[in-house]
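Hello,

Here is the structure for you to look through. My notes on it follow below.

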Amino acid sequence: MGKNLGTKTAIILAVLLFFTYGIIGIPHGSLKQSIADRIHLGLDLKGGTHLVLAVHVAEAVGSTTDRTVQQLESDMPGAGIAGATPAKLDPAHPESLTITGVAVGQASALRTLLNGPNYASYDVASQPDGSFKLTMKPSAITDLESRTLDTSIETIRERIDKLGVSEPIIQKYGLGDNQILVELPGVDDPARVEEIIQSTAKLAIHAVDPRGPWASETEALAGLGGTIPPDSVLMKGEGSAGAPPMVYLLKRAAEVEGIDFRDAQPSQDINGRPNIHFNLTTEAGERFYKYTDEHKQGSSTPGAMAIVLDNSVKEVASIQSAIRDSGEITGAFTQQQAEDLSLMLRTGALPASISYLETRTVGPSLGAASIHQGIMAAVFGMAAVMVFMLIYYRGAGINADLALVLNLVILLGFLGFTHATLTLPGIAGVILTIGMGVDSNVLIFERIREELRAGKSAAAAVQGGFAHALVTIIDTHVTTIVSAAILFLFGTGPVRGFAVTLTFGLLANIVTSVFVSRVIFDSHLKNNPRGAELSI
């Protein structure tokens with residue numbers, strides 16, 4: 001008893017100062033503002049935007065098979081296969097494509113090619129008419145859909161981070177419905193953030209068929225003899241600034257997609273109009289150079305390219321010269337649109353379009369009310385408990401109250417250091433922690449009372465009381481922490497906030513109720529005459 005009391009007291013004071021710094025940091029301005037800067041509040045306390053998004057993962061499957069068609073067109077000549085045509089003939093099944101026109105003597109070479117690594121994700125079947133049908137394997141589709149959802153989450157997270165939104169919640173939502181939950185506490189401009197999130201930002205550059213454009217899809221079909229080529233698609237758009245909407249025939253497979261962009265920055269053209277200067281990845285740059293070099297002005301097949309954003313043609317430009325890895329996107333952009341589009345390209349394009357299922361704005365008045373009610377519940381609850389401990393355990397009650405206050409300081413300091421978000425359920429976790437702290441003190445104090453009733457001295461009773469209560473305290477706290485860990489792993493948003501505050505509150509409680517209380521008892525016994533009565 002009483003060994004190294006000075007060192008133990010110094011440790012407690014150091015812990016108190018350390019976590020107090022975690023709560024207020026280096027004060028600047030009012031104390032309230034310093035605490036507000038350190039303790040981040042969740043959506044339910046601070047107010048903000050709540051969104052549920054649906055990711056159209058089937059589009060990723062269609063884009064992948066489009067690339068496969070393009071890959072086959074590139075690989076077949078090298079494998080000695082001529083005259084065969086890969087195409088997606090059934091729009092209802094984007095996971096399938098067909099190779100027609102295969103000469104009898106080239107079937108073996110084609111099968112050898114299809115058994116190669118570039119087509120390992122497809123099941124290959126020969127058809128009675130001599131054609132080959134490629135169908136993406138179910139396992140490949142499942143994997144692609146999962147990666148599409150994960151990539152969408154990461155892309156949205158990067159966009160939100162670039163906007164400087166503090167403590168956003170972006171995670172999977174629902175049970176296998178390809179949905180994403182987005183919660184943005186305290187957003188300053190919710191309309192702009194929602195627009196950036198909800199925009200598909202599915203930017204691509206497509207080759208433009210020289211036939212067209214037409215004023216309507218009806219005219220387009222008439223001009224094409226009633227049939228759209230299987231490797232092409234009709235798409236509507238302005239085509240150039242101020243021009244009336246027209247219908248263009250574009251190659252289905254994009255030459256460059258959003259994923260190929262390495263960097264993009266808002267800029268201005270020589271006329272002062274907002275545009276976007278971009279850089280491509282090395283592989284995409286080589287691919288884009290090959291295409292633009294073959295179709296630039298002065299070549300045997302001069303062509304044009306269409307800049308497509310969200311399945312709408314934004315600009316059609318003739319290819320003046322070969323472009324390798326950098327260029328400019330021009331269009332009828334405002335400066336804000338150019339900045340937002342640059343942001344989307346820098347953070348990567350979404351692999352599939354998204355739509356919003358639910359959008360809800362939590363008003364600041366609701367947040368203020370929640371904060372007030374939550375804080376008042378915690379304050380009154382803690383005050384009532386402290387008064388009860390003083391009345392029921394007399395002098396030892398002071399010991400318990402000091403441990404509770406230190407427990408609360410450690411918990412809030414932890415939130416300040418880790419920037420964990422405090423939610424309304426998180427405040428419930430704080431209150432539950434207070435309750436567990438009181439329970440620990442009651443266990444210890446009752447054991448000490450039992451030792452005193454057995455006739456032991458105050459020092460021996462304290463020693464025995466802590467020894468007998470320790471196992472029970474550790475047992476109850478560990479089992480509760482395990483439950484909180486499960487809540488954190490499988491819960492969402494506010495539930496996780498509850499688990500975080502509860503877990504660290506219990507860890508702090510073990511320290512304060514066992515270590516700090518014991519130091520206070522030992523200090524009391526040391527400073528009082530041997531045989532003095534223990535107030536408990």
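**Overall picture**

The accessible surface of the protein comes to about 25900 Å², and 60% of that belongs to carbon and sulfur atoms. Please keep in mind that this is a predicted model. Of the 536 residues, 44% count as buried. The secondary structure comes to 15 helices and 19 strands. Take the contacts between residues at least 6 apart in sequence: 69% of them join residues at least 24 apart.

Start with the open sheet of four strands. Their order is E3-E4-E6-E5, and the pairing is antiparallel. Strand E3 (85–87) and strand E5 (122–126) are the edge strands, each pairing on one side only. On average, neighbouring strands here are turned by 20 degrees against each other, direction ignored.

E5 is joined to strand E6 (residues 132–136) by five bridges, and the two run antiparallel. Within this pair, Val124 stands opposite Leu134 in E6.

Which helices lie across strands of this sheet? Helix H4 (residues 58–78) lies across E3, strand E4 (96–100), E5 and E6. H4 runs at about 20 degrees to E4. Helix H5 (residues 107–114) lies across E4, E5 and E6, and runs at about 10 degrees to E6.

**Strand E8**

Next, look at strand E8 (residues 179–185). Seven of its seven residues are buried. In a regular strand the side chains alternate between the two faces of the sheet. In E8, Gln179, Leu181, Glu183 and Pro185 point one way. Ile180, Val182 and Leu184 point the other way. Residues of both groups are buried.

E8 pairs with strand E2 (residues 48–55) in the antiparallel sense, over seven bridges. Gly48 stands opposite Pro185 in E8. Strand E7 (residues 169–173) also runs antiparallel to E8, joined to it by five bridges. There, Tyr173 has Gln179 in E8 as its bridge partner.

**The three-stranded sheet**

Another open sheet has three strands, in the order E13-E14-E17, with antiparallel pairing. E13 and strand E17 (326–329) stand at the edges with a single partner strand each, so one side of each is left without a neighbour in the sheet. Neighbouring strands of this sheet are turned by 25 degrees against each other on average, direction ignored.

Strand E13 (residues 261–268) and strand E14 (residues 274–280) run antiparallel and are joined by seven bridges. Ala264 stands opposite Phe278 in E14. Gln268 has Pro274 in E14 as its bridge partner. E13 and E14 form a hairpin, with five residues between them. In the turn, Gly272 has a positive phi of about 80 degrees.

**Charged residues**

How many salt bridges does the structure hold? It holds eight. Three of them are worth a look on screen.

- Arg147 and Asp143: the closest N and O atoms are 2.9 Å apart. The two residues are four apart in helix H6 (residues 138–162), so about one helical turn separates them. Arg147 is partly exposed, with a relative accessible area of 44%. Asp143 is also partly exposed, at 40% relative accessibility.
- Lys456 and Glu451: the closest N and O atoms are 2.8 Å apart. Lys456 is partly exposed, with a relative accessible area of 41%. Glu451 counts as buried, at 8% relative accessibility.
- Arg518 and Asp522: the closest N and O atoms are 3.2 Å apart. This pair is four residues apart in helix H15 (residues 493–526), so about one helical turn lies between them. Arg518 is buried, with a relative accessible area of 18%. Asp522 is buried too, with a relative accessible area of 4%.

Asp401 is buried yet has no salt bridge. How far away is the nearest side chain of opposite charge? That side chain is Arg394, and it is 13 Å away. Asp401 lies in helix H12 (residues 395–418). Leaving out residues up to four places away in sequence, Asp401 touches Met386, Met389 and Leu390.

Best wishes

How values were computed
Residues numbered from 1 in each chain as written. Predicted model: local features only at pLDDT ≥ 70, side-chain atom pairs only at ≥ 80, totals over all residues. Heavy atoms only, no water. Pairing = 2+ DSSP bridges. Axes fitted to C-alpha atoms, helices over the stretch in contact; angles between N-to-C directions. Contact = heavy atoms within 4.5 Å. Buried < 20%, exposed > 50% of the residue type's maximum accessible area, 1.4 Å probe, protein only. Areas by Shrake-Rupley, 256 points an atom, 1.4 Å probe, with all protein chains shown as cover. Lys, Arg positive; Asp, Glu negative; His and termini not counted. Salt bridge = Lys/Arg side-chain N within 4 Å of Asp/Glu carboxyl O.
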